[in-house]
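Let's take a walk through a protein model together. Keep the sequence and the 3D view at hand, and follow along as we go.

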Amino acid sequence: MSDIFNLVCPSCSVTNRIAAARLGDNPKCGKCHSPLFNGHPTELNPETFAKHIVRNDIPVLVDFWAPWCGPCRQMAPAFAQAAAQLEPQVRFAKVDTEAHQTIGAQYNIRSIPTMAMFRGGKEIGRVSGAMSAADIVRWVKSQLL
C-alpha cells in the first residue's frame, strides 16, 4: 500500500491527498475544511458516485436503499454505527435508489437494502438484506482479507 492516500471529501467531493500515517488524525479537506471522516455515511448522487468509488484509495461500502423500504430504514442506524467503528479504514456511503434509479440500474440492484463494497473502482463484494451493526462490521472485515 502507498504511503499517500487519495480521499474524496464527503462534503464537497474534492480529492485530497493524505499521508497514511495521518488517516487517524481527523484530517480535513484542503478546500472546504470539513472533516474527511465524520463517522456518518455520505449521501451519493449520480454526480458524486463515480468520483467516490474511483478516486478513494480506501474501500467504499455503499448501502443501496429507498425511503419507502422498511428494512432499509431499520438498518440505517446500524449502518451509521458501523461507519463510526470502521472509519477511516472504509468510507461508508448511501445511494437512494428511488431518487437515483440510474445508479441502481447500472449496478443491477434487484433488492434493497443491498450493500456493495468497492475498491479501486471495482465491486469486490455484495450482500442483500438488513443487518445489525456487528454483522455489517463482520461482513466488511471478511471482504477486506
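We'll look at the sheet, and then at some of its charged pairs.

A quick word on ground rules: this is a predicted model, where local features need pLDDT of at least 70, side-chain atom pairs count only at pLDDT 80 or more, and totals for chains, interfaces and linings use all residues. Residues are numbered from 1 along each chain as its sequence is written, and side-chain values use heavy atoms, leaving out hydrogens and water.

Start with the sheet. Strands of a sheet pair through backbone hydrogen bonds, and they can do that either parallel or antiparallel. Here you'll find an open sheet made of five strands, ordered S3-S5-S4-S6-S7, with mixed pairing. At its edges sit strand S3 (42-44) and strand S7 (122-128), each pairing on one side only. From one strand to the next, the twist averages 25 degrees. About those words: strands (E, at least two residues) and helices (H or I, at least four) are DSSP runs numbered from the N terminus, and two strands pair if DSSP finds at least two bridges between them. As for the angles, they run from 0 to 180 degrees between N-to-C directions, using axes that are lines fitted to C-alpha atoms, for helices over the stretch in contact.

Now zoom in on strand S4 (residues 60-65) and strand S5 (residues 91-96): they run parallel and are joined by six bridges.

What else do Asp63 and Lys94 share? Their side chains meet in a salt bridge, at 2.6 Å from N to O. (That term means a side-chain nitrogen of Lys or Arg within 4 Å of a carboxyl oxygen of Asp or Glu.) Since Asp63 lies in strand S4 and Lys94 in strand S5, the pair ties together parts that are 31 residues apart in sequence. Are they buried or exposed? Asp63 is buried at 0% relative accessibility, and Lys94 is buried too, at 8%. Buried means under 20% relative accessible area, exposed means over 50%, and partly exposed is in between (1.4 Å probe, protein chains only).

The structure holds four salt bridges. Another one joins Arg126 and Glu123, with the closest N and O atoms 2.8 Å apart. Arg126 is partly exposed at 33%, and Glu123 is partly exposed at 33% as well.

Finally, hop over to helix H4 (residues 133-143), where Arg138 and Asp135 are three residues apart, so about one helical turn separates them. Their side chains meet in a salt bridge too (2.5 Å, N to O). Arg138 is exposed at 53%, while Asp135 is partly exposed at 32%.
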